[in-house]
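Thanks for coming. Please look at the sequence and the model first.

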Amino acid sequence: MGPTPMSLTATYKLSARLFWRDKGMLPASVITPLGLAIGMPTLMRNVTAGGVTAAAQMFVGTLALILSGTAFLNITVALTMRRDQLLLKRLRATRLTDRQILLGEVASTATQTVIVMVISAVAVHLLADVPLPRDPVLFAVFAVAGAAVMATLGVAWTAAIPRGELAAPMTLPFFFLAGLASGAMGPIVDLLPSWLHPFFAALPTSAVVDVVRASYGPGTLGSDLAAAAVPALVLAVWAGVALLSIRRWFRWETRKS
């Protein structure tokens with residue numbers, strides 16, 4: 001029996017309420033990624049010879065920072081803290097099923113992430129003259145898919161975190177890795193050994209960035225579908241890994257010492 005709409009609505013609203021009320025996490029999970037996604041392209045627009053082209057390339061890369069910060073980092077820290085506070089255990093004592101609780105968390109986090117991505121796209125259009133996506137449907141589909149996959153991976157990653165205060169430090173490396181691989185931190189990746197490049201390309205954030213870059217550039221429906229094929233497969237594989245990991249290792253309460 002699948003989750004009922006009413007149950008999903010309740011868990012979705014609870015997660016969204018806690019998301020926006022968590023003043024400790026908002027700087028790391030919303031304000032910082034949003035500031036980088038808007039500020040860095042605007043800076044590139046004004047200080048580089050490439051102007052708008054450089055700003056657009058930088059903006060697309062910074063979407064990896066939003067995905068890893070607003071989706072992955074946020075849900076990892078939030079669920080780990082709620083686990084330590086026994087909130088997850090108390091939710092399991094209600095009529096909600098495990099699937100409903102986690103699906104509500106993932107859906108809520110993915111929604112906030114997509115909102116931040118859209119705000120960033122509009123802001124850089126207004127402030128740095130970066131054009132809106134040529135193919136907004138392609139942008140939207142992979143923004144939603146990427147946010148959902150990253151949030152699901154965040155749920156899975158909580159199993160590796162022993163206690164809440166270690167959640168952010170154990171998640172930040174993924175934030176920097178995603179930014180490095182996408183080019184959001186400059187062309188540093190080009191200076192690294194070539195054998196690392198396939199690893200960077202296989203990251204879920206890189207898959208989203210590749211497709212979004214195609215949605216901004218020239219193309220047709222056929223070329224867009226071709227550009228989306230491999231990234232879609234990458235996201236599907238990561239989603240499968242995340243779901244299997246959650247089923248096997250996710251913990252609803254702290255380990256007893």
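Start with Thr76, which sits in helix α3, residues 52-84. Helices here are DSSP runs of H or I, at least four residues, numbered from the N terminus, as strands are (E, at least two). A word on the source: this is a predicted model, where local features need pLDDT of at least 70 and side-chain atom pairs count only at pLDDT 80 or more, while totals for chains, interfaces and linings use all residues. Residues are numbered from 1 along each chain as its sequence is written, and side-chain values use heavy atoms, with hydrogens and water left out.

Is Thr76 buried or exposed? Thr76 is buried, at a relative accessible area of 0%; buried means under 20%, exposed over 50%, and partly exposed in between, with a 1.4 Å probe and protein chains only. Its side chain reaches the backbone oxygen of Phe72 at 2.7 Å. Leaving out residues up to four places away in sequence, Thr76 touches Gly154, Trp157, Thr158, Ile161, Ala167 and Thr171. Contact means heavy atoms within 4.5 Å.

Thr158, then, belongs to the loop between α6 (136-157) and α7 (167-182). Thr158 counts as buried too, at 2% relative accessibility. The side chain of Thr158 reaches the backbone oxygen of Val155 at 2.6 Å. Beyond four places in sequence, its contacts include Thr76, Leu79, Phe250 and Arg251.

Last, Leu67, also placed in helix α3. Leu67 is buried, with a relative accessible area of 0%. From Leu67 to Val149 is 82 residues in sequence and 9.4 Å in space, C-alpha to C-alpha.

Definitions and conventions
A polar contact is a pair of N or O atoms within 3.5 Å; within protein, one must be able to donate a hydrogen and the other to accept it, and residues adjacent in sequence count only if both atoms are side-chain atoms.
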